[in-house]
Amino acid sequence: MEIALEGDAARWFALAANLPALAAAARRRHAARGSALLSPFDSFLWHRERTKRLFGYDYRIEVYTPGHKRVHGYYALPIYHDGHLVGRLDAKTHRAERRLEVRSVHFEPWLVKGTAAPAAAWGTVAPEAALAGLADSLGSLATFVGASRVTLGRVVPARLRAPLARALRDVHPAPAPGRARKPAAESETNGVDEEIPV
């Protein structure tokens with residue numbers, strides 16, 4: 001059914017069964033808590049213009065963009081934290097090495113400045129909390145892909161690389177069945193920085 005959204009003339013639709021949940025959410029007015037890495041094909045991002053209007057997040061999949069023209073990476077994953085889209089990262093699994101390579105991380109300018117997001121009205125996000133949430137999400141991803149270590153490449157802005165590396169050191173991916181635990185994160189580049197277009 002069609003619904004009206006205060007302050008927005010666009011057409012919005014919701015399932016009738018979801019109206020009670022929407023009404024409860026309107027009374028609560030709090031963002032969801034937690035961090036996650038989203039697939040570029042997550043339904044949350046299907047309507048890119050809506051995502052930009054609601055969250056101030058301009059997202060484009062760069063899989064089909066020639067390498068030298070990519071800004072954020074081949075398969076950049078949006079970073080969700082406490083109701084905000086705070087950045088994106090490009091990661092690659094090296095299965096034979098059991099290593100998750102984080103090729104690049106790009107944080108949204110408003111997060112870096114410590115200001116409120118340009119669209120979502122949930123207030124400011126502490127960069128330290130976003131880094132800790134991202135580190136936990138990377139630990140979870142490492143476990144999922146069977147990686148025993150994470151290597152960190154380029155971070156934009158560069159001043160957030162060291163704090164993110166520190167946060168990663170505190171995260172420990174669960175070992176794959178039948179394998180001993182190895183160090184979870186290493187602050188090494190292994191030439192990663194040179195592979196990312198500047």
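A pocket is an open set of points, on a 1 Å grid over the protein atoms alone, where a 1.4 Å probe fits and with protein on both sides within 12 Å along at least five of seven lines; lining residues have an atom within 4 Å of a point. Grid points are joined across faces, edges and corners, and a volume is the space filled by probe spheres set on the points. This is a predicted model, in which local features need pLDDT of at least 70 and side-chain atom pairs count only at pLDDT 80 or more, while totals for chains, interfaces and linings use all residues. Residues are numbered from 1 along each chain as its sequence is written, and side-chain values use heavy atoms, with hydrogens and water left out.

Q: What makes up the lining of the second largest pocket?
A: The second largest pocket holds about 200 Å³ of space. Its lining includes Tyr74, Tyr75, Asp90, Lys92 and Arg103. Strand E5 (84-94), strand E6 (99-107) and helix H4 (127-145) each give two or more residues; helices (H or I, at least four residues) and strands (E, at least two) are DSSP runs, numbered from the N terminus. E5 gives the most, with 4 residues.

Q: Why is the pair of phenylalanine 41 and tyrosine 75 called tilted?
A: The structure has 4 aromatic pairs. Rings of Phe, Tyr and Trp (its six-membered ring) pair if their centres lie within 6.5 Å; planes under 30 degrees apart count as stacked, over 60 as edge-to-face and the rest as tilted. Here the centres are 6.1 Å apart and the planes are at 50°, so the pair is tilted.

Q: Why is the pair of tyrosine 57 and tyrosine 59 called stacked?
A: The ring centres of tyrosine 57 and tyrosine 59 are 6.0 Å apart, with 10° between the planes, and the pair is stacked.

Q: What makes tyrosine 75 partly exposed?
A: Buried means under 20% relative accessible area, exposed over 50%, partly exposed in between (1.4 Å probe, protein chains only). Tyrosine 75 has a relative accessible area of 31%, so it is partly exposed. Tyrosine 57 and tyrosine 59 are both buried.

Q: What makes a set of residues a nonpolar core?
A: The set consists of buried Ala, Val, Leu, Ile, Met, Phe, Trp, Tyr and Cys residues joined through side-chain atoms within 4.5 Å. The largest such core has 30 residues, with Leu89, Val105 and Phe107 among those with the most contacts inside it. H4 supplies its largest share, 8 residues. A second, separate core of 8 residues includes Leu38, Leu45, Phe55 and Leu85.
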